[in-house]
Amino acid sequence: MNVQVHDDTAGATLGLWGTSALSPAGGDVEAEEGGTTNEMKSKAPWKAGETVLLLEAPGWKIGRGTYLSLSTATIIDVDPAIADADWLRRWASKQKVREAVNLPFPEGVFDLDALTTSPLRCLYTFADLDEFSRAAPQETFQGYLSVLVLEMKLLENRKRGMLMCGECCSIHVYANALSGTCRGCDKKVELKLNPKIVGR
């Protein structure tokens, strides 16, 4: 089982193997060793954005990302009673309210018929928009903006499995399909085209 771990500096993948892979599930679990069944007691299940892990002396490997693993010297403390754990938990809760990955198109704001059939068609420049938005930030301006798209990342996002995107439980969901599964609650999520397909 691979678990994504983060702190305020970076993120990594923690690989759990064998009986250690049962820990995130929590509750009473049964594990088979040498033909005998052992019942193991586990704490509450790990929750994304809430459970804090204190890792001491993990094995590590750096490739496309950082991969952590357990070795004979590794010690894991789940939800340690230290001030740094409380700070990290508060930091993680703030990350849950980060900017949405794919905001819905606003309804009832733009008059699309007026844009296409109006005798007066406003062609704005970026300078015009900047000036108008600073002068009257609460007003809605409708018109055209002539732009040139310099880069498209359609193939790159498809190879990474990020052609479509959405979010659930404050977790970003990516897939190359019209729906995906939330890693937090296992619900199906309807996905929309990833806006990052257009070059940054």
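What is the order of the strands in the open sheet of 4 strands, and which kind of pairing does this sheet have? The structure described here is a predicted model, in which local features need pLDDT of at least 70 and side-chain atom pairs count only at pLDDT 80 or more, whereas totals for chains, interfaces and linings use all residues. Residues are numbered from 1 along each chain as its sequence is written, and side-chain values use heavy atoms, with hydrogens and water left out.

The strands of this open sheet follow the order β1-β2-β7-β6, and the pairing is mixed. Its edges are formed by β1 (2–6) and β6 (59–62), each of which has a single partner strand, so one side of each is left without a neighbour in the sheet. From one strand to the next, the twist averages 30 degrees, where axes are lines fitted to C-alpha atoms and angles run from 0 to 180 degrees between N-to-C directions. Strands and helices are taken as DSSP runs numbered from the N terminus, a helix (H or I) having at least four residues and a strand (E) at least two, and two strands are said to pair if DSSP finds at least two bridges between them. In the antiparallel sense, β6 pairs with strand β7 (residues 66–69) over 4 bridges, and threonine 66 in β7 is the bridge partner of isoleucine 62.

Within strand β2 (residues 11–15) of this sheet lies threonine 13. Threonine 13 has a relative accessible area of 17% and is therefore buried, given that buried means under 20% relative accessible area, exposed over 50%, and partly exposed in between, with a 1.4 Å probe and protein chains only. The side chain of threonine 13 makes a polar contact of 3.2 Å with the side chain of glutamine 4; such a contact is a pair of N or O atoms within 3.5 Å, of which, within protein, one must be able to donate a hydrogen and the other to accept it, while residues adjacent in sequence count only if both atoms are side-chain atoms.

A further open sheet, of 3 strands, has the order β12-β11-β15 with antiparallel pairing, and its edge strands are β12 and β15 (192–193), each of which pairs on one side only. Strand β11 (residues 164–168) is joined to β12 by 5 bridges, the two running antiparallel, and tyrosine 174 in β12 is the bridge partner of cysteine 165. In the hairpin of β11 and β12, where 2 residues lie between the strands, cysteine 169 takes a positive phi near 55 degrees. Strand β12 (residues 171–175) is mostly covered, with 4 of its 5 residues buried. On the other pairing, β11 and β15 run antiparallel and are joined by 2 bridges, with leucine 193 in β15 as the bridge partner of methionine 164.

Side chains of opposite charge can pair when their charged atoms come close. With a salt bridge taken as a side-chain nitrogen of Lys or Arg within 4 Å of a carboxyl oxygen of Asp or Glu, the count comes to 3 salt bridges. Asp79, Asp86 and Arg89 are linked in a network of such bridges. Arginine 89 meets aspartate 79 at 3.1 Å, N to O, and this pair links distant parts of the chain, since arginine 89 is in helix α1 (residues 83–95) and aspartate 79 is in the loop between β8 (75–78) and α1, 10 residues apart. Arginine 89 also meets aspartate 86 in a salt bridge of 3.3 Å, N to O, and these two residues, being 3 residues apart in helix α1, are separated by about one helical turn.

Another salt bridge is formed by aspartate 130 and arginine 134, whose closest N and O atoms are 2.8 Å apart. These two residues of helix α3 (residues 126–135) are 4 residues apart and thus separated by about one helical turn. Aspartate 130 counts as partly exposed at 36% relative accessibility, whereas arginine 134, at 65%, counts as exposed.

Phe105, Val109, Phe110 and Leu112 make a nonpolar surface patch of about 400 Å². Patches are made of residues with over 30% relative accessible area and no salt bridge, like charges being joined within 9 Å and nonpolar side chains (Val, Leu, Ile, Met, Phe, Trp, Tyr) within 5 Å. Phenylalanine 105, in the loop between α1 and α2 (112–117), is exposed, with a relative accessible area of 61%.

Definitions and conventions. Accessible areas come from the Shrake-Rupley method with a 1.4 Å probe; for residues, only the protein chains shown count as cover.
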